[in-house]
Amino acid sequence: MKKTLLSLTALTAAVILLAVSVCSCGEKADTGASVSSSGAAVNSTVSADTQLSSNYTSAEVGSSSLADSSKTGVSSASGTSSTNSSASPSSAISSKPTVVSKQQVSSGTVSTVSSKPTVSSEKPAVKTLTPLSNSNYYGRTYLSGKSNGKALVLAYDRIVAGVANMDKSINLNDASNRIKISEIDEVYAAYFSDYPQHFWVTNGYKYSYMGDYVMTVEPTYTGISKSQLSSAKDKFSAAVTRLLTGISGSSSEYDRELAIHNRLAATCKYASSTNCHTAYGALVDGTAVCEGYARAFQYLCYQAGIQCLFITGSSNNPSTGSPEPHAWNAVKIGGSYYHMDMTWDDADNSDGGILHYAYFNVTTSQIKEDHAIGTSGYPAPNCTATKYNYFVKNGTVVSTYTVDSVAKLLKASGNRTLRVYVTSDYNSFVNWMRNNYQAVAKSAGISKIKGYAYASLGRELYFEIK
């Protein structure tokens, strides 16, 4: 994945600068306030005061199979380049459950449970939106379709209810609906991937068993106390309400998603922090890494009535060519699933604070150009639809091109900028634009031309006539 910034005037030699964007706990500069799709300015000022997360790499929680990757930033000034590279130690992406310990118990040690667990519905953050029902969360639905689906869903719901109360031990000993030891990991993974709003729990857990069946589960919490949790929940809810205010349920799913994308980018900056892997970190502290971005985006979509999945895997680090751990989302828009990578789209100083849309509703084949899809509690859907891809929706996909056809797109923007998704050879198009920008600008009716600047992410090109 290459993110390129180039600024050139008629008298300045071209300097091409590469800016790497991968998921890590390295620093990513704050881009300040942005404008939502509805045109309302979003205040990006947030406070960081409540510490919720424990060290995910500690022995108590267990080590994850994924270790966070590094980030390198490159910026330019007056035709010269400077490299700002930082990578700090961080907790691992919480993709798969980690069994901290297990204990065999004897008959009669654990009482049986038969009553159906009570799972509270999510309260609307704003009156204009209706949240997605938690009975329709993707992981829960996935479990319900398995051969032992009824028992798996009951165990899932009991974990949801237990974590909501911060119960130390959650009883799963339902004599009529037992789950096997071989099933508990899948149940806990589906729960953990479905519930970004449970920011006080980790992917680690203990369980007790008798024979082949699980009796109890003990989630590993982040270390926050019950008394602290009440205040943290209030801050989290307030942050969600602030971000979603002004978004209406009467607007299309696409427009709601677009507003969330733009506002989250304005609210959160990419940086290491105590809670950087959680939705709380992204929304309350205003800092997150890829996992925090993805979990925040997921919950905001839930609140906006949009089905959203948490996906983990890897993405390619351009500086090394090696795949490194990463997290993103899949969303259901207009009845079809799309991949959405909020972290990569968010802007930084390497390209002047430009917000990108290169990974806004892309197909599985498109995401696989520089991502590898892992497992995150459930199989990721195969995304084949293109209707609600950002560039398809805006008519700015470029495959073949002429001066006049590109000028038409430039003129339509109304602000001397061109934002396109290139499906043909990307580098050839960039070089063509560099050689033909004056002709394109003149064809678009632009008379005063001093030079150009461009930024790229994936197959997206943002090109500005100076």
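Reader: How many cavities of 30 Å³ or more does a search of the whole structure find?
Author: The search finds two. A cavity is a set of points, on a 1 Å grid over the protein atoms alone, where a 1.4 Å probe fits but cannot get out. The grid points are joined across faces, edges and corners, and a volume is the space filled by probe spheres set on the points. This is a predicted model, so local features need pLDDT of at least 70 and side-chain atom pairs pLDDT 80 or more, while totals for chains, interfaces and linings use all residues. Residues are numbered from 1 along each chain as its sequence is written, and side-chain values use heavy atoms, without hydrogens and water.

Reader: Why roll a probe at all?
Author: A probe the size of a water molecule, rolled over the atoms, shows where empty space is left.

Reader: What lines the largest cavity?
Author: Its volume is about 90 Å³. The lining has 13 residues, and Phe-192, His-198, Phe-199, Val-201 and Arg-295 lie nearest the centre. A lining residue has an atom within 4 Å of a point. Helix 3 (181-194) and helix 7 (290-303) each give at least two residues to this lining. Helices are DSSP runs of H or I with at least four residues, strands are runs of E with at least two, and both are numbered from the N terminus.

Reader: What classes make up the lining of the largest cavity?
Author: Eight residues are nonpolar, three polar and two charged. Nonpolar covers Ala, Val, Leu, Ile, Met, Phe, Trp, Tyr, Cys and Pro; charged covers Asp, Glu, Lys and Arg; the others, Gly among them, are polar.

Reader: Which residues are closest to the centre of the second largest cavity?
Author: The second largest cavity has a volume of about 60 Å³. Ten residues line it, and Tyr-359, Gln-366, Glu-369, Asp-370 and Tyr-421 are the closest to its centre.

Reader: What is the volume of the largest pocket, and what makes a pocket?
Author: The largest pocket has a volume of about 560 Å³. A pocket is an open set of points with protein on both sides within 12 Å along at least five of seven lines. The lining of the largest pocket has 24 residues, with Ser-121, Glu-122, Lys-123, Lys-233 and Tyr-299 nearest its centre. Helix 2, helix 4 (226-244) and helix 7 each give two or more residues. Helix 4 gives the most, with five.

Reader: Which elements each supply at least two residues to the lining of the second largest pocket?
Author: They are helix 10 (390-394), helix 11 (403-413) and strand 17 (417-422). About 270 Å³ of space lies in the second largest pocket. Its lining residues include Tyr-390, Leu-409 and Arg-419.

Reader: Why is Val-163 called buried?
Author: Buried means under 20% relative accessible area, exposed means over 50%, and partly exposed is in between (1.4 Å probe, protein chains only). Val-163 has 0% relative accessibility, so it counts as buried. It is found in helix 2. Its contacts (heavy atoms within 4.5 Å) include Tyr-191, His-198 and Val-201, leaving out residues up to four places away in sequence.

Reader: What makes a nonpolar core, and how many residues has the largest?
Author: A nonpolar core is a set of buried Ala, Val, Leu, Ile, Met, Phe, Trp, Tyr and Cys residues joined through side-chain atoms within 4.5 Å. The largest has 82 residues, and Tyr-191, Leu-244 and Leu-264 have the most contacts inside it. Helix 2 (residues 149-164) gives the most to this core, with eight residues. A second, separate core has 22 residues, including Val-406 and Tyr-426.

Reader: How do you know that the span of helix 5 agrees with expectation?
Author: The expected span is 1.5 Å times one less than the number of residues. Helix 5 (residues 253-267) has 15 residues, so it should span 21 Å; its end C-alpha atoms are 21 Å apart, which agrees. 13 of the 15 residues are buried, so helix 5 is largely enclosed by the rest of the structure.

Reader: What is the phi of Asn-361?
Author: Phi of Asn-361 is near 65°, a positive value in a residue other than glycine. Most residues other than glycine have a negative phi. Asn-361 lies in strand 14 (residues 360-362). At 0% relative accessibility, Asn-361 is buried.

Reader: Why does Arg-416 count as partly exposed?
Author: Its relative accessibility is 30%, so Arg-416 falls in the partly exposed class. Arg-416 also has a positive phi, about 65°, although it is not a glycine. It lies in the loop between helix 11 and strand 17.
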